[in-house]
Amino acid sequence: RCKIGVAAPQDARDKLTVDYEIRVPRRTALEVTATFGAISIQGASSALTVRATSGEVFVTEPCAMDGGETKIVSASGSVRVAGWNVPSGSLLVETTSADIHAERLTGQTISLSSRSGDVLVQKAQVTGTASFESASGDVRVSDGGGGTRALARTQSGSAEVTNLRADEVHVETISGDALLRDVAGALTVKTVSGDVQASGADSPA
């Protein structure tokens, strides 16, 4: 275990900002935590845990040799994941009041959820299950395959699903609209007070 810190005079601690650039072996499992600063991780192990309070998080191109679980939790900073290619791994992203942007994902299980932010996903290929959820934000999913089950759900935002394939596709809203284009799979669409528009749907049930 290696611990890196900064020793500063007591009267200077509120006046300093410090950036770290740390290089580790690709197979090293990581746990990264930041309160105010942004976190950027590239090429590290997919056995990864990230916790951020108010800074942005950017994760790209993990080492997928051993599969592994990637978990990213953010309070008010947005999260972007790109090139997460871990066919036998799982990806979990949770934010409180921030957006999630994800593109070029491959995995066994993917779960992206935000309480009040938008969830935007492009090119996600999943062999197992995929879920994309927001409480009060929009959910937009395009160009992907959800394996056995794909879920896009929002409460007060809109749900837009384009060019998605899965054994089962569930799209749910409460007060937002649901827009579907070129969706294939056993399709279930639910809404309470929103409109539903679907075109090019290929559903056996």
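What follows covers the pocket, the cavity, one glutamate and the salt bridges.

This is a predicted model, in which local features need pLDDT of at least 70 and side-chain atom pairs count only at pLDDT 80 or more, while totals for chains, interfaces and linings use all residues. Residues are numbered from 1 along each chain as its sequence is written, and side-chain values use heavy atoms, with hydrogens and water left out.

**The largest pocket**

- Rolling a probe the size of a water molecule over the atoms shows where empty space is left.
- On a 1 Å grid over the protein atoms alone, a pocket is an open set of points with protein on both sides within 12 Å along at least five of seven lines, whereas a cavity is a set of points where a 1.4 Å probe fits but cannot get out; lining residues have an atom within 4 Å of a point.
- The volume of the largest pocket is about 1,400 Å³, where a volume is the space filled by probe spheres set on the grid points, which are joined across faces, edges and corners.
- Its lining has 30 residues, and those nearest the centre are Tyr20, Ile22, Val32, Thr33 and Ile39.
- Strand 1 (30–34) and strand 2 (39–42) are the elements that give two or more residues to this lining; strands (E, at least two residues) are DSSP runs numbered from the N terminus.
- Strand 1 supplies the largest share of the pocket lining, with five residues.
- By class, the pocket lining holds 16 nonpolar, seven polar and seven charged residues; Ala, Val, Leu, Ile, Met, Phe, Trp, Tyr, Cys and Pro count as nonpolar, Asp, Glu, Lys and Arg as charged, and the others, Gly among them, as polar.

**The cavity**

- Searching the whole structure turns up one cavity of 30 Å³ or more, and the largest cavity has a volume of about 40 Å³.
- Among the residues lining the largest cavity are Ala124, Phe132, Gly145 and Leu164.
- Two or more lining residues come from each of strand 9 (119–134) and strand 10 (139–145).
- The cavity lining has seven nonpolar and four polar residues, with no charged ones.

**Glu160**

- Glu160 sits in strand 12 (residues 159–172).
- Glu160 counts as partly exposed because its relative accessibility is 26%; buried means under 20% relative accessible area, exposed over 50%, and partly exposed in between (1.4 Å probe, protein chains only).
- The side chain of Glu160 makes a polar contact with that of Arg181 (3.3 Å); such a contact is a pair of N or O atoms within 3.5 Å, and within protein one must be able to donate a hydrogen and the other to accept it, with residues adjacent in sequence counting only if both atoms are side-chain atoms.

**Salt bridges**

- The whole structure has eight salt bridges, each a side-chain nitrogen of Lys or Arg within 4 Å of a carboxyl oxygen of Asp or Glu.
- Asp138 and Arg140 form one of them (4.0 Å, N to O), and Arg140 is partly exposed at 43% relative accessibility.
- Glu168 and Arg149 form another (3.9 Å, N to O); Glu168 is in strand 12 and Arg149 in strand 11 (residues 149–154), so this pair ties together parts 19 residues apart in sequence.
- Arg153 and Glu172 also pair up (3.5 Å, N to O), linking strand 11 with strand 12.
- Arg153 is partly exposed at 32%, whereas Glu172 is buried at 16% relative accessibility.

Definitions and conventions: Helix = DSSP H or I, 4+ residues; strand = E, 2+ residues; numbered from the N terminus.
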